[in-house]
Amino acid sequence: MRQLAAALAIIAAFVGTASAQTYPNRTIRLVVPFPPGGPADVMGRLAALYMAQALGQQVIVDNRPGGGSTLASRDVARAEPDGYTLLIGSAATTAIGPTIYKNIGYDPATSFAPVAFFSSTPYVMVTGPKTTFRTVQDVIAYAKAHPGKLNIAVPNGAPPHMIAAWFRAKTATDIVIVPYKGAANLITDLIGGQIELGFEPTSVTLTHLRDGSMRPLGVATAKRLPELPDVPTIIESGVPDFIADSWIGIMAPAGTPAEIVNKLNAAINQGLRSPTLQVRLKQLAAEWRFGTPEEFAAFIKAEDPKWIAMAKLSGLKAE
């Protein structure tokens, strides 16, 4: 029996090595666990485009929203670990969803092989052109004078939902959090005046901020953004330590051969070195992030506790 087990292990290793050497020889599916038009989708499509160029194989984006990203994450975790089904991972996948939802069907710590970091994008508190708000201080003052009367729109269960709950707690205000299915619809309502506030990354807001259809109130960064030099940080606006960004990376099912993970990592880093992609990311005020799979895994481990704490603070619980 031991000899048979050893032989099977050798065969499996040989097959895995052979598969890695020919990888990829068919279309790769990159699953985005949020609707089209949101920050994860924007970055997912950029990642897919440059991965395809580097790998010489088609990479299609598959939007699979639901369950605060946990449904798509579960499906990818259960997929064949062959490098042909990948996930756009974020704090929603690794920290928020597992905190809010029960019985998600995967373990964020063991169900995935981190492949590569892709980008980090700052959050901005925004308002529509019809409100009178010009600063974060205006928002806080109004919220304190009119408890329960001010609304902030968030994609339900996504990182902006956690940031809104965090802001509400840190400012001791009674701002009403209004969940939306995705960022695209809430941005439409924000511009149209149906909702007063939002927290979204520059990847989906910067175009609207430049054309005046949205107004920036504060950025959730340590220092002001070069792209929005006149917009103060939320820290400057009197809310201490208010720093948060939207990180995006690529993940594979656990058990994906190291050779394939490393080949994907190299392809993504090659894409990130493209001047064209770097210009595109700069246009979104996003930062590209090189690194090894091990460095990406270490980042997730260090970042998750912050988002888990926010998720608990939000009080959200879903079955």
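Student: Where is the place of Ser69?

Tutor: Helices (H or I, at least four residues) and strands (E, at least two) are DSSP runs, numbered from the N terminus. Ser69 sits in the loop between β2 (59-63) and α3 (70-77). This is a predicted model: local features need pLDDT of at least 70, side-chain atom pairs count only at pLDDT 80 or more, and totals for chains, interfaces and linings use all residues. Residues are numbered from 1 along each chain as its sequence is written, and side-chain values use heavy atoms, with hydrogens and water left out.

Student: What is the phi of Ser69?

Tutor: Positive, about 85°, although Ser69 is not a glycine.

Student: Is Ser69 buried or exposed?

Tutor: Buried means under 20% relative accessible area, exposed over 50%, partly exposed in between (1.4 Å probe, protein chains only). Ser69 has a relative accessible area of 1%, so Ser69 is buried.

Student: Which loop holds Asn103?

Tutor: The one between α4 (91-100) and β4 (112-127). Asn103 is not a glycine either, yet its phi is positive, about 50°. Its relative accessibility is 79%, so Asn103 counts as exposed.

Student: Which peptide bond is cis?

Tutor: The one from Tyr23 to Pro24, with omega near -10°. Pro24 lies in the loop between α1 (2-22) and β1 (28-32).

Student: How many helices and strands does the protein have?

Tutor: Eleven helices and ten strands. Of its 319 residues, 53% count as buried.
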